[in-house]
Amino acid sequence: MRRSHQNRHFAKKGSKYAFPSMLLCSSKSILKVSLFLLTVVFVIRQSRKRDLLISKSEQQQRRASIGMTLSSNLRLQHHDELPLLKYQSLSIAFKHAEVIALYFAASWCSMSTPVSDKIESCFGPDTEIAKERVLNIEKVKSDESSSFKKKDLAIVYVSSDSNVEEQMEYSRSNWIDVPFDSLERSNLKRHFRVCAKIEIDKLHINRKAEIPSLIIIDSLTHKTLTMNGKSDVLSRGRSALDYWIQLKDELRASEDEEISIT
């Protein structure tokens with residue numbers, strides 16, 4: 001009887017300490033599970049954030065790609081509407097240069113001489129800038145590969161000389177001459193309303209500018225970047241080319257923005 005009584009006594013005494021111990025173990029287990037669950041939730045959230053960022057990046061890239069495609073397609077649609085596309089004498093310049101400098105001048109015109117000399121000193125064939133950035137038609141003809149690098153500038157001479165001999169003598173080796181006997185020479189003067197005073201009646205032009213004039217055109221849009229190329233060359237020298245390229249970039253950016261809006 002004593003032994004059974006003692007056993008019951010110890011059982012009661014053991015249960016008094018066993019329950020808190022079990023509770024403590026249970027609390028630790030719950031804490032571990034909670035920490036594990038929190039870790040899993042954190043990892044899932046981070047993964048979702050990463051997926052969202054990737055998704056946004058992909059969407060932006062896709063939109064940019066669609067915008068570029070749309071821009072290219074719209075430009076192709078309006079390709080036939082480019083105002084200077086019909087002038088075959090400008091085709092090489094448009095194909096192989098970013099900006100075109102149309103130079104209206106004449107060998108007999110005393111005001112043309114300082115401008116021609118300045119163009120020669122800045123962009124003549126022997127200058128470093130010309131070797132890298134100015135189109136030389138002879139090199140284009142000798143290099144028939146499709147990898148020919150597009151130049152920044154092409155100079156096109158639209159002469160008001162008295163005859164073809166004067167034109168050939170006055171032109172420079174890296175200028176592209178509009179053929180003297182071509183109707184394009186007169187039509188370009190009519191298009192831009194630029195000519196010598198003695199040509200006004202013959203061409204029936206309401207003249208906008210006299211010679212010498214240097215008109216800078218974007219090869220992609222055929223739009224006029226500036227009518228004041230002559231002043232740019234005389235005041236800025238070789239840096240005039242950088243200024244024209246800047247005007248070209250600004251024009252094309254605005255064109256792309258208009259296309260994306262439409």
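A salt bridge is a side-chain nitrogen of Lys or Arg within 4 Å of a carboxyl oxygen of Asp or Glu. Side chains of opposite charge can pair when their charged atoms come close.

This is a predicted model, in which local features need pLDDT of at least 70 and side-chain atom pairs count only at pLDDT 80 or more, while totals for chains, interfaces and linings use all residues. Residues are numbered from 1 along each chain as its sequence is written, and side-chain values use heavy atoms, with hydrogens and water left out.

**Salt bridges**

The count comes to 11 salt bridges. The table gives three of them.

| Pair | Closest N to O distance |
|---|---|
| Arg-172 and Glu-120 | 3.2 Å |
| Arg-236 and Asp-232 | 4.0 Å |

Helices (H or I, at least four residues) and strands (E, at least two) are DSSP runs, numbered from the N terminus. Asp-232 is buried at 9% relative accessibility, whereas Arg-236 is partly exposed at 39%. Buried means under 20% relative accessible area, exposed over 50%, and partly exposed in between, using a 1.4 Å probe and protein chains only.

Salt bridges that share partners join Glu-98, Asp-218, Lys-248, Asp-249 and Arg-252 into one network. Arg-252 and Asp-218 are both buried.

**Two glutamates**

Glu-98 sits in strand 1 (residues 97-105). Glu-98 is buried, with a relative accessible area of 18%. Its side chain makes a polar contact with the side chain of Arg-252 at 3.1 Å. A polar contact is a pair of N or O atoms within 3.5 Å; within protein, one must be able to donate a hydrogen and the other to accept it, and residues adjacent in sequence count only if both atoms are side-chain atoms.

Glu-184 belongs to helix 7 (residues 183-192). Glu-184 is buried yet has no salt bridge; the nearest side chain of opposite charge, Lys-86, is 9.2 Å away. Here Lys and Arg count as positive and Asp and Glu as negative, while His and the chain ends are not counted. The side chain of Glu-184 does make a polar contact with the side chain of Ser-89 (2.5 Å).
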